[in-house]
Every structure is written in structure tokens, then in C-alpha cells.
Amino acid sequence: GKNKGNVKKSFAYTELECDLVPVNVLVSHYFAKEATQIEKAKRPKAVMQIGIVFTLLPLLFFKYFNFINDQIVEFLGLFGWHIQLPGLNWAIPIGISFFTFQSMGYIWDVYYKKTTSEKDFLTYALFISFFPSLLMGPINKASLVIPQIKNLRPYFDYPKAVEGLRT
């Protein structure tokens, strides 16, 4: 779509890959929130675990699909079944490991009460998709980054920017 232009330039080559970041953000935000909201219910740990699995699936798919595919073909060959399963001929999306592990860490931290579930979805989305962190690391903790996002200065100080570029 037209609104995916910046995400597509930053992270991906195809529409499917472009959808990974927003879907990851939606899934991890939802499951972290649900794990805290049903705290008094019987299975908040199961909700957390399901959230981790759903967050991890795209990474496993893109990184290990061809490996698993090859193993299945080789295994079936032992029984005389010589079939050829189509493999993926795609590049692994840029930053997939970082945003996956950052999302998983967020779900764990919310579940284990190391941080609270972020109510502002856009703040959470920025935390997960913050481009410099995705490319170079490290995988950040929500408790360290989200307060910084919330306290961004609402102005641009030109003299300070120039001074910072000179040093």
C-alpha cells in the first residue's frame, strides 16, 4: 500500500516482508496487554507463551524454512519418496531478528512485571520499529526506551544540533 513506503524502504523488499513489522507490533502489543489484563484468570502464562510463539514464527519461517524443507526432502528420500518441495528464494528481511527479540523481551518483561504494558500503541510501535536500533542493536528494554520516547523534546534546537555535529 501507499502508507507502507517508509517501512518498505527501511526493512523489506516485498509486500509480505513489509507487513512483518506492523504485524509483529500488533501481535506483541496485544499479547503483552492480554497477559496483564487476565492476571487474575487461570492462564496468563499461556497467553504470554502464545504471544511469544506468534512473535517468533516469522523469524523461524524466514530463517529456517529452506533448512526444514531440505530435511523433509532428505528424510522422505530414505523411504524412496523423491519429491521436490519448493523453497523460498527471498532475502531475510532486514532487522527481523532485532524486532522479533525486542518484541519477545517486551512480552516477557510485561509478564514478569519488569515493566508495565504500554497503553499508547504508537509509542510502543516506535519502540519496536526504531530504525537505528534495528540495524545496529542493541536489543533494547522497554523500561529504558519507552520513557525516553515519551519525554522527547517538542522542539529542534538548531545551535545544539550544529554544536553536536562539530564534535
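Asparagine 140 is partly exposed, with a relative accessible area of 24%; here buried means under 20% relative accessible area, exposed means over 50%, and partly exposed lies in between, with a 1.4 Å probe and protein chains only. Asparagine 140 sits in the loop between helix H6 (131-136) and H7. The C-alpha atoms of asparagine 140 and phenylalanine 101 are 9.3 Å from each other, although 39 residues separate the two along the chain.

The structure is a predicted model, in which local features need pLDDT of at least 70 and side-chain atom pairs count only at pLDDT 80 or more, while totals for chains, interfaces and linings use all residues. Residues are numbered from 1 along each chain as its sequence is written, and side-chain values use heavy atoms, with hydrogens and water left out.

The overall plan of the chain comes next. The protein chain contains eight helices and zero strands, where helices (H or I, at least four residues) and strands (E, at least two) are DSSP runs numbered from the N terminus. In sequence order the pattern reads α-α-α-α-α-α-α-α. Of the 167 residues in the protein chain, 32% are buried. Among the contacts in the protein chain with a separation of 6 or more, 68% join residues 24 or more positions apart; a contact means heavy atoms within 4.5 Å.

Helix H2 (residues 15-37) includes proline 22. This proline 22 counts as partly exposed, at 37% relative accessibility.

The buried residues of H3 are Pro44, Val47, Met48, Gly51, Ile52, Thr55, Leu59, Phe62, Asn69 and Leu76. An α-helix has 3.6 residues a turn, so residues three or four places apart point the same way.

How do H3 and H4 lie against each other? They pack at an angle of about 175°, with their axes 10 Å apart. Axes are lines fitted to C-alpha atoms, for helices over the stretch in contact, and angles run from 0 to 180 degrees between N-to-C directions. H3 and H4 are therefore roughly antiparallel to each other; angles under 35 degrees count as roughly parallel, over 145 as roughly antiparallel, 65 to 115 as roughly perpendicular and the rest as oblique. On the H3 side, the contact includes Pro44, Met48, Ile52, Leu59 and Phe62, and on the H4 side it includes Ile96, Thr100, Phe101, Met104 and Trp108. The residues of this contact comprise 13 nonpolar, five polar and two charged; Ala, Val, Leu, Ile, Met, Phe, Trp, Tyr, Cys and Pro count as nonpolar, Asp, Glu, Lys and Arg as charged, and the others, Gly among them, as polar.

Leucine 56 belongs to helix H3 and is partly exposed, with a relative accessible area of 21%. Not counting residues up to four places away in sequence, leucine 56 touches Thr100, Phe101 and Met104.

Phe99, Gln102, Ser103 and Tyr106 in H4 meet Tyr124, Phe127 and Ile128 in H5. By class, this contact has five nonpolar, two polar and no charged residues.

The loop between H4 and H5 holds lysine 113. Lysine 113 has a positive phi of about 60° although it is not a glycine. Most residues other than glycine have a negative phi, and most peptide bonds are trans. Lysine 113 is exposed, with a relative accessible area of 59%.

Alanine 142, by contrast, lies in helix H7 (residues 142-150) and is buried, with a relative accessible area of 3%. Alanine 142 touches Tyr106, Thr115, Phe127 and Pro147, not counting residues up to four places away in sequence. The C-alpha atoms of alanine 142 and tyrosine 124, 18 residues apart along the chain, are separated by 8.5 Å.
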